[in-house]
Amino acid sequence: MKSIQPRLLTLTLAGLLGAASASVLAQPMPEAAPATGSPSFQSVDSNQDGKISLTEFKAQGESEQSFTKLDTDQDKGLSKDEFAKLGKSGTKPY
Ligand SMILES: [Ca+2]
Ligand SMILES: [Ca+2]
């Protein structure tokens, strides 16, 4: 069973090299699946003023409660940063 070792090493190396060059062709498992149902900032900001108003937020089926929670500077609008927190807090059990 001694002969297995170098063979295995070769296979591993070949696998690594192959994986590096084949990663474009291969269909990798969805390692970082996008969070489900997170619309992009642009699509929510329907009037494109760079802020998401409560109305725009609610149009996504979100609640006023989560709007208030996300609006950390309380200017009644969600900046891109504030909006980015949507779905990132509370829903992911680490
Ligand atoms: Ca807006
Ligand atoms: Ca804000």
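This is a predicted model: local features need pLDDT of at least 70, side-chain atom pairs count only at pLDDT 80 or more; totals for chains, interfaces and linings use all residues.
Colleague: Why is F57 called buried?

Modeller: F57 has 23 other C-beta atoms within 10 Å. The term applies from 20 or more, so F57 is classed as buried.

Colleague: Where is F57 found, and which residues does it touch?

Modeller: F57 belongs to helix α3, residues 54-58. Leaving out residues up to four places away in sequence, F57 touches V44, I52, E62, F67 and L78. A separation of 9.2 Å is computed between the C-alpha atoms of F57 and G77, which stand 20 residues apart along the chain.

Colleague: Which residues form the largest nonpolar core, and what makes it a core?

Modeller: The largest nonpolar core has seven residues, namely I52, F57, F67, L70, L78, F83 and L86. The term requires buried residues of nonpolar type joined through C-beta atoms within 7 Å; the seven therefore count as buried and as joined in that way. In soluble globular proteins, nonpolar side chains tend to be buried together.

Colleague: How do you know that Q48 is exposed, and what is its phi?

Modeller: Q48 has 7 other C-beta atoms within 10 Å. The limit for an exposed residue is 12 or fewer, so Q48 is exposed. Its phi is positive, at about 55 degrees, although Q48 is not a glycine. Most residues other than glycine have a negative phi. Q48 lies in the loop between α2 (41-44) and β1 (52-53).

Colleague: Why is K76 called exposed, and where is it found?

Modeller: K76 has 11 other C-beta atoms within 10 Å; with the limit at 12 or fewer, K76 is therefore exposed. K76 is found in the loop between α4 (64-70) and β2 (77-78). K76, a residue other than glycine, has a positive phi near 60 degrees.

Colleague: How many helices and strands does the protein chain have, and in what order do they run?

Modeller: The protein chain has five helices and two strands. From the N terminus on, the order is α-α-β-α-α-β-α.

Colleague: What share of the protein chain is buried, and what share of contacts joins residues at least 24 apart?

Modeller: Buried residues account for 10% of the 94 residues. Among contacts between residues at least 6 apart in sequence, 35% join residues at least 24 apart.

How values were computed: Residues are numbered from 1 along each chain as its sequence is written. Chains are lettered from A and ligands numbered from 1 in the order in which they are written. Helices (H or I, at least four residues) and strands (E, at least two) are DSSP runs, numbered from the N terminus. Two residues are in contact if their C-beta atoms, placed from the backbone, lie within 7 Å.
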